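Hi everyone, thanks for coming along.

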Amino acid sequence: MFGLGGCGGQNPCRDGYIRDIQGYCQKRTEPQEPEEEEEPEEEEDTDSDTDSGTGERYHPPGFDDPAVHSVPAKLNQETCTDCHGQQLDGGSAATSCDSCHPQGWRTNCVFCHGGEDNSTGAPPRNLPQGSGASTDVFRVHSAHVEGTLHDGFGCEHCHVTPESVTSPGHLFDSTPGRSEVVFGEGLASLGVYEGAGSCSNIYCHSNAVGGGGDYEHTQGPVGCGGCHPGPESSVTELMQMTSQHAFHTDVADVTCDRCHSGVVNSQQQIVGPELHVNGSVDVTISELAYNGLTCTGTCHSGSGQPHVHTNYTWGPPPGGP
Ligand code: HEC
Ligand code: HEC
Ligand code: HEC
Ligand code: HEC
Ligand code: HEC
Ligand code: HEC
């Protein structure tokens with residue numbers, strides 16, 4: 001009737017959509033048998049409401065195509081909420097985004113962010129869309145939100161996390177198309193985002209003794225000795241750790257798992273990811289009582305010799321942090 005309607009009859013609608021009498025692609029109401037003509041449920045936002053008989057439409061033809069309208073929405077090129085209402089459910093435009101979008105889309109975090117690796121919304125599809133991993137603003141989203149050495153970190157460790165599309169500070173904010181990194185709520189609350197996938201003063205990448213660590217997303221996965229000294233580290237490196245780490249691991253042949261059994265096993269693999277990089281140092285020593293400061297009890301070194309500890313104090317790193 002208005003002679004354009006975006007698809008104008010030339011292109012078929014996407015799967016799950018049918019063309020209405022005015023030529024617009026509308027979401028098919030539930031799986032029942034498709035009715036080509038009317039969809040009563042969606043009456044409220046019929047196009048004729050907004051055309052007011054003038055034949056003028058606000059948006060250019062083809063705007064119903066998600067590939068077209070998602071870009072200005074995601075980049076906030078114009079503020080959709082101005083006309084479509086604060087909740088995008090109609091507003092002065094009298095067109096609710098719900099008329100086509102699937103139910104629950106506002107809180108479906110993969111609707112816009114994509115769900116290529118997992119269902120958290122990370123890694124997010126690049127803004128506005130597409131392009132390969134090499135250009136991702138933060139290549140290691142999946143590694144962080146899924147986690148192998150640690151439990152998955154929620155978005156809140158690095159961003160203010162919205163509950164819905166329309167949450168304040170999310171896409172309809174004063175910084176269109178930019179995802180602010182805010183460490184305040186997470187483990188790395190003192191961290192600084194340097195831009196371009198680089199961070200500094202990050203607790204999670206630290207040795208847990210001498211302040212925060214730095215990391216760039218192009219550096220790839222971090223090995224065991226990459227943050228704090230690990231099972232393979234030299235005595236000099238182990239001496240940067242608190243107290244008797246170097247002595248125990250190097251001289252007495254006491255492996256990490258003997259004192260951190262909740263976290264690592266005897267192959268020095270992480271078995272307690274929920275305790276690793278969780279903001280507290282977890283010590284579990286089956287032979288000794290450790291009170292956070294001193295150890296008491298008898299244990300056997302690698303050579304099998306019993307060694308009695310009586311309130312042995314665990315102190316600062318002998319080599320300095
Ligand atoms: C200045 C007011 C205004 C703004 C801002 C606005 N819209 Fe609209 N929108 C309308 C009106 C009015 C309609 C009803 C159809 C028309 O006039 O094009 C509409 C309809 C639509 C439709 C249905 C189009 C069709 O062909 O059936 C989509 C999709 C849409 N808007 C998306 C958006 C998105 C996404 C944004 C933000 C990027 C946005 N709108 C911003 C006024 C606006
Ligand atoms: C005329 C139908 C129609 C209307 C009205 C509509 N959309 Fe869409 N939009 C779609 C379809 C179809 C998709 C794809 C849905 C899917 O993939 O499940 C989509 C997807 C999107 C996406 C995600 C694109 C992506 O893949 O990353 C955004 C963002 C979006 N719409 C914004 C809006 C906003 C904001 C409004 C309301 C102002 C709106 N749309 C109204 C049809 C519409
Ligand atoms: C370990 C920190 C961290 C975690 C956890 C994290 N992000 Fe990010 N995210 C970043 C960094 C860093 C950037 C890059 C920001 C920049 O350079 O502008 C980013 C960028 C983004 C972008 C913008 C993408 C683009 O192409 O511009 C989105 C969207 C995003 N993150 C969503 C999420 C979501 C959703 C989650 C949770 C499921 C999440 N992030 C978890 C650090 C994180
Ligand atoms: C309609 C599309 C859409 C949906 C649905 C959506 N987001 Fe976003 N989100 C964006 C866009 C676009 C950006 C980046 C642009 C910006 O922030 O200005 C973004 C940014 C983010 C960021 C980075 C911080 C920020 O606000 O910039 C996080 C975290 C995030 N989204 C999480 C979520 C979560 C969690 C959900 C589900 C509750 C969700 N998003 C649903 C489009 C969406
Ligand atoms: C990305 C940095 C990072 C990497 C890589 C890393 N760790 Fe850690 N690790 C930490 C931080 C930070 C702590 C401080 C305690 C905490 O927050 O859990 C820690 C603590 C520990 C602890 C003490 C117990 C505890 O509280 O978790 C052990 C044991 C440990 N790590 C073993 C390992 C082993 C084994 C590997 C290699 C498989 C490894 N770590 C790789 C950052 C890392
Ligand atoms: C003899 C027992 C013992 C052994 C063996 C041991 N640790 Fe620890 N570890 C501790 C104690 C005790 C702390 C201090 C806990 C506290 O702060 O209360 C600690 C703290 C840590 C920390 C926090 C940073 C620091 O230097 O205090 C890390 C990381 C860590 N251990 C990793 C390891 C790794 C990796 C190994 C194996 C190479 C290992 N530990 C072997 C007892 C041990």
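Before we look at ligand surroundings, one convention: Ala, Val, Leu, Ile, Met, Phe, Trp, Tyr, Cys and Pro count as nonpolar, Asp, Glu, Lys and Arg as charged, and the others, Gly among them, as polar. Keep in mind, too, that this is a predicted model.

On that basis, the shell around ligand 5 has 13 nonpolar, eleven polar and one charged residues. There are 25 residues around this ligand, and A208, V222, C224, C227 and H260 come nearest. Where does ligand 5 lie? Both domain 2 (106-222) and domain 3 (235-313) give residues to its shell, so ligand 5 lies between them.

Now over to ligand 4, with 27 residues around it. K74, C109, C112, H159 and S179 are the closest. Here the classes come to nine nonpolar, 13 polar and five charged residues. Helix α4 (residues 110-113) supplies the largest share of that shell, three residues.

Next, the strands. β4 (residues 198-202) and β5 run antiparallel, joined by three bridges, and I202 stands opposite G213 in β5.

Setting aside neighbours within four places in sequence, Y215 contacts C199, I202 and H205. Y215, C199 and I202 also belong to the largest nonpolar core, which has ten residues, including F183 and V277. A second, separate core has six residues, among them C80, L88, C97 and V165.

That's my tour; over to you!

Note on methods. Residues numbered from 1 in each chain as written. Chains lettered and ligands numbered in written order. Predicted model: local features only at pLDDT ≥ 70, side-chain atom pairs only at ≥ 80, totals over all residues. Core = buried A, V, L, I, M, F, W, Y, C linked by C-beta atoms within 7 Å. Buried ≥ 20, exposed ≤ 12 C-beta atoms within 10 Å, placed from the backbone. Contact = placed C-beta atoms within 7 Å. Near = placed C-beta within 6 Å. Domains from an automatic or database assignment. Helix = DSSP H or I, 4+ residues; strand = E, 2+ residues; numbered from the N terminus. Pairing = 2+ DSSP bridges.
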